[in-house]
Amino acid sequence: METDGRFAPDSPEEARELYESIGPCAQVVTREIAKAMEFDREEYHDRVTSEVVETARDALFASLLEVSDGSREEFEEWREGYEGAVDVMGSENVDRVVWHAFDGEAVAATYQHEPEAAHGTLRRQAFGRLYQPVLE
């Protein structure tokens with residue numbers, strides 16, 4: 001089993017702190033992208049709204065979530081010891097599983113090839129299902 005990512009908060013409070021901490025980064029990234037797209041000052045103020053920066057912060061947070069990646073056997077062993085609910089997406093007929101747990105719930109996705117794609121999909125699912133409700 002391998003892990004990938006940086007954020008594995010232990011509580012909703014820690015998740016909110018991490019989410020808040022990347023706000024300035026999201027602003028810088030958004031500003032630099034607007035510069036690269038050659039937005040003038042007026043276009044920047046018209047198009048780069050607080051919703052755009054918030055979307056950047058959501059994407060950054062999700063992309064930094066720690067995920068575990070292992071064989072089906074490794075996942076089942078982890079799952080047996082996990083006391084929370086686990087929602088598994090995908091086919092039971094593939095060899096690999098990627099998962100993330102937070103605050104008594106977990107999401108998992110199965111895959112056969114392309115671990116990077118599985119990690120990205122799982123992170124978006126984890127953000128939407130596990131984190132968004134506590135970050136709102």
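**The paired strands and the core**

Author: In this predicted model, strand E2, residues 67-71, pairs with E4 in the antiparallel sense over 4 bridges. To find this pairing in the picture, look for Ser 68, which stands opposite Trp 99 in E4. E4 also runs antiparallel to E5, and 7 bridges join these two strands; here His 100 is the residue that stands opposite Val 107 in E5. The hairpin that E4 and E5 make has 2 residues between the strands, and in it Asp 103 takes a positive phi near 55°. E5 in turn pairs with strand E3, residues 85-89, but in the parallel sense, over 5 bridges, and Val 88 stands opposite Ala 108 in E5.

Of the 7 residues of E4, 5 are buried, so the strand is largely enclosed by the rest of the structure. For E5 the count is 6 buried residues of 7, so that strand too is largely enclosed by the rest of the structure.

As a general background, nonpolar side chains in soluble globular proteins tend to be buried together.

If its neighbours within four places in sequence are left aside, Tyr 131 is in contact with Pro 9, Ala 15, Phe 61, Leu 65, His 100, Ala 101, Phe 102 and Ala 126. Tyr 131 also belongs to a cluster that ring pairs make by linking it with Phe 7, Tyr 19, Phe 61, Phe 102 and Phe 127.

Turning to the aromatic pairs themselves, the count comes to 9. One of them is formed by Phe 7 and Phe 61, a tilted pair with 5.5 Å centre to centre and 55° between the planes. This pair links distant parts of the chain, since Phe 7 is in the loop between strand E1 (2-4) and H1, while Phe 61 is in helix H4, 54 residues apart. Phe 7 and Phe 61 are both buried.

Finally, helix H4 is also the place of Asp 58, a residue that deserves a careful look. Asp 58 is buried yet has no salt bridge, and the nearest side chain of opposite charge, that of Arg 57, is 5.3 Å away. Not counting residues up to four places away in sequence, Asp 58 touches Tyr 19, Phe 127 and Gln 132.

Notes. Residues are numbered from 1 along each chain as its sequence is written. This is a predicted model: local features need pLDDT of at least 70, side-chain atom pairs count only at pLDDT 80 or more; totals for chains, interfaces and linings use all residues. Side-chain values use heavy atoms; hydrogens and water are left out. Contact means heavy atoms within 4.5 Å. Buried means under 20% relative accessible area, exposed over 50%, partly exposed in between (1.4 Å probe, protein chains only). Two strands pair if DSSP finds at least two bridges between them. Rings of Phe, Tyr and Trp (its six-membered ring) pair if their centres lie within 6.5 Å; planes under 30 degrees apart count as stacked, over 60 as edge-to-face and the rest as tilted. Lys and Arg count as positive and Asp and Glu as negative; His and the chain ends are not counted. A salt bridge is a side-chain nitrogen of Lys or Arg within 4 Å of a carboxyl oxygen of Asp or Glu.
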